[in-house]
Amino acid sequence: RAIERGCSHVTHTFNAMRPFGHRDPGVIGAAMNSDSVTAELIGDGAHVDYAAARVLLRAKGARNVVLITDAMPLAGTADGDGEWEGQAIRVEGGKAVRVADGTIIGGVITLDQTMRNAVAHLGAPLHDAVAMASAVPARALRVGDRYGALEAGLAADFVLLDDALAVVETWVAGVRAYQRSAE
């Protein structure tokens, strides 16, 4: 019913949703069956197992999957125990969990890692992984006329990656904002 009323995007597909059932497919089934809906995929392998992620990608196609991180302020930190907002947490395997009950409270990988994961674990061609992290989200947010591609007239906000898909430089409004130090 939500799609019939204009819903065009599913946030955090699979997460905090009832499981897909063959007699009651729920939100997951509706999202996978609608060409007019884009679906977010937290690409860390922890929030969504790579097997389920491959099913989503096959059902939706790269044109309708938005790669995201579910990143929180702890993004980029190494595995280990710590505290965040007064709660004991453990960072492990690309996610942060609340120690008290093991609930995932966020991701700690970066978007370049989600692209590497899409190529390595989902079998996505490089151009699809890049699009799922740039052009597809821009279109889903209805800002594709300003962002999501390297074209004349669009915002000059982009990230330069090396052959291993690691960040080399970031550019904002045509000005370099970050450059990786020489190795």
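## Terms and model

Residues count as buried under 20% relative accessible area, as exposed over 50%, and as partly exposed in between (1.4 Å probe, protein chains only). The structure is a predicted model, in which local features need pLDDT of at least 70 and side-chain atom pairs count only at pLDDT 80 or more, while totals for chains, interfaces and linings use all residues. Numbering runs from 1 along each chain as its sequence is written, and side-chain values use heavy atoms, with hydrogens and water left out.

The mean pLDDT (the predictor's confidence in each residue, from 0 to 100) of the protein chain is 93, and 99% of its residues reach 70 or more. Helices (H or I, at least four residues) and strands (E, at least two) are DSSP runs numbered from the N terminus.

## Helix α3 and T114

Helix α3 spans residues 111-122 and includes T114. The buried residues of this helix are D112, T114, M115, N117, A118 and L122. They pack, by contact (heavy atoms within 4.5 Å), against β2, α2, β3, α4 (126-132), β8 and β9 (167-172). Just after α3, G123 takes a positive phi of about 75°.

T114 has a relative accessible area of 0% and is therefore buried. Its side chain reaches the backbone oxygen of L111 at 2.7 Å. When neighbours within four places in sequence are left aside, T114 is in contact with G43, L67, I68, T69 and I109.

## The cavity

A search of the whole structure finds one cavity of 30 Å³ or more. On a 1 Å grid over the protein atoms alone, a cavity is a set of points where a 1.4 Å probe fits but cannot get out, and lining residues have an atom within 4 Å of a point. Grid points are joined across faces, edges and corners, and a volume is the space filled by probe spheres set on the points. The largest cavity holds about 40 Å³ of space.

T114 belongs to the lining of the largest cavity, together with L41, I42, G43, Y50, A53, L67, N117, A118 and L122. Elements giving two or more residues to this lining are β2 (38-42), α2 (50-60) and α3. Helix α3 provides the largest share, four residues. By class, the lining of the largest cavity has seven nonpolar residues, three polar ones and no charged ones; Ala, Val, Leu, Ile, Met, Phe, Trp, Tyr, Cys and Pro count as nonpolar, Asp, Glu, Lys and Arg as charged, and the others, Gly among them, as polar.

## The largest pocket

The volume of the largest pocket is about 770 Å³. Its lining comprises 27 residues, of which L111, A133, S134, F158 and V159 are the closest to its centre. A pocket is an open set of grid points with protein on both sides within 12 Å along at least five of seven lines.

At least two lining residues are supplied by each of β3, α3, α5 (135-140) and β8 (158-161). Strand β8 gives the largest share, four residues. The class count for this lining is 21 nonpolar, three polar and three charged residues.

In α1, the residues G26, I28, G29, A31 and M32 are buried. The buried residues of this helix pack against β1 and α2.

N64 is located in the loop between α2 and β3. With a relative accessible area of 9%, N64 is buried. Beyond its neighbours within four places in sequence, N64 is in contact with D35, V37, T38, A39, V136 and R139. N64 and H9 lie 55 residues apart in sequence and 9.2 Å apart in space, C-alpha to C-alpha.

F14, although not a glycine, has a positive phi of about 85°. This residue lies in the loop between β1 (9-10) and α1 (26-33), and F14 counts as partly exposed because its relative accessibility is 22%. A173 is likewise not a glycine and has a positive phi of about 55°. A173 sits in the loop between β9 and β10 (175-179); its relative accessibility is 61%, so A173 counts as exposed.

S181 is placed in the segment after β10 and is exposed, with a relative accessible area of 57%. Between S181 and I89 there are 31 Å in space, C-alpha to C-alpha, and the two are 92 residues apart in sequence.

Technical notes
A polar contact is a pair of N or O atoms within 3.5 Å; within protein, one must be able to donate a hydrogen and the other to accept it, and residues adjacent in sequence count only if both atoms are side-chain atoms.
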